[in-house]
Amino acid sequence: PIDAALIGEPTGLHAAVAQNGMIILELYPEGRAGHAARPHLAVNALDIAARDIVALHDLCWEPEDPHVGAMTLVCTQIEAGSAHNVIPDTARIVVDIRTIPQISPETVIERVKQTVRSRVHVRSNRFPPVKTPDGARVLAAVQAALPTAALFGSPTLSDWAHLHHVPAVKIGPGLSEVSHTRDEWVDLDMVRQAAKAYEQIARTFVAS
């Protein structure tokens, strides 16, 4: 069995003690195809999609989590249309939702269904939000090794989602803000500092 874990993600060597979960939805607006010259004879799936996206982005989610703040929902992809002169009868919208413990996945999905006209398909609902347990030995070891490390909540997903039954802290070199950007980089001095910190954290944890 695993007693504790360090999740090696770019945190600037600060300690993430909470992490959002994630739900991915696919929305399928259903219209009626027609010729672009006769829009009154068709139902444009893109019109439905546009209204659904605006309605979803206008939603407010409460309460907030003390570590990661408010839950977020954002539409990240849309696909529709086959030709410039054909009104599409269907489309696909991808919705990325970063969840918090205070709002259940079932509540989120049901609210989305009540908000949109599109048919809702749940692509993924297997990554729950996670947090470091109060009084966790691994967090005490992190704070002993890095006494200036700030505690914060992380909105980005990581392998911590697979270890939600294990006391863990997400911590590592690099800045999350540059992840998945062009010319992504990590400061080498911070990498060397992290290697020493990981060893010290492990030794402190084992000795505690």
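Biologist: Why does His180 count as exposed?

Modeller: Exposed means over 50% relative accessible area, buried under 20%, and partly exposed in between, with a 1.4 Å probe and protein chains only. His180 has 79% relative accessibility, so it counts as exposed. This is a predicted model: local features need pLDDT of at least 70, side-chain atom pairs count only at pLDDT 80 or more, and totals for chains, interfaces and linings use all residues. Residues are numbered from 1 along each chain as its sequence is written, and side-chain values use heavy atoms, with hydrogens and water left out.

Biologist: Where is His180 found?

Modeller: His180 sits in the loop between strand 11 (168-170) and helix 4. Helices (H or I, at least four residues) and strands (E, at least two) are DSSP runs, numbered from the N terminus. His180 is not a glycine, yet its phi is positive, about 60°.

Biologist: What makes Asp183 exposed?

Modeller: Its relative accessibility is 63%, so Asp183 counts as exposed. Asp183 also lies in the loop between strand 11 and helix 4. Its phi is positive too, near 60°, in a residue other than glycine.

Biologist: Why is Ile97 called buried?

Modeller: Ile97 has a relative accessible area of 0%, so it is buried. Its place is strand 7 (residues 91-99). Ile109 is twelve residues away from Ile97 in sequence, and their C-alpha atoms are 9.8 Å apart.

Biologist: Which residues form a nonpolar patch on the surface?

Modeller: Val186, Leu188 and Val191 do, with about 240 Å² of accessible area together. Patch residues have over 30% relative accessible area and no salt bridge; like charges are joined within 9 Å, nonpolar side chains (Val, Leu, Ile, Met, Phe, Trp, Tyr) within 5 Å. A salt bridge is a side-chain nitrogen of Lys or Arg within 4 Å of a carboxyl oxygen of Asp or Glu. Leu188 has a relative accessible area of 57%, so it is exposed. Leu188 belongs to helix 4 (residues 188-207).

Biologist: Why are helix 3 and helix 4 called oblique to each other?

Modeller: The axes of helix 3 (residues 137-145) and helix 4 cross at roughly 130° and come within 8 Å. Angles under 35 degrees count as roughly parallel, over 145 as roughly antiparallel, 65 to 115 as roughly perpendicular and the rest as oblique. Helix 3 and helix 4 are therefore oblique.

Biologist: What joins Glu62 and Pro63?

Modeller: A cis peptide bond, with omega about 0°. Pro63 is in the loop between helix 1 (45-57) and strand 5 (72-80).

Conventions:
Areas by Shrake-Rupley, 256 points an atom, 1.4 Å probe, with all protein chains shown as cover. Axes fitted to C-alpha atoms, helices over the stretch in contact; angles between N-to-C directions.
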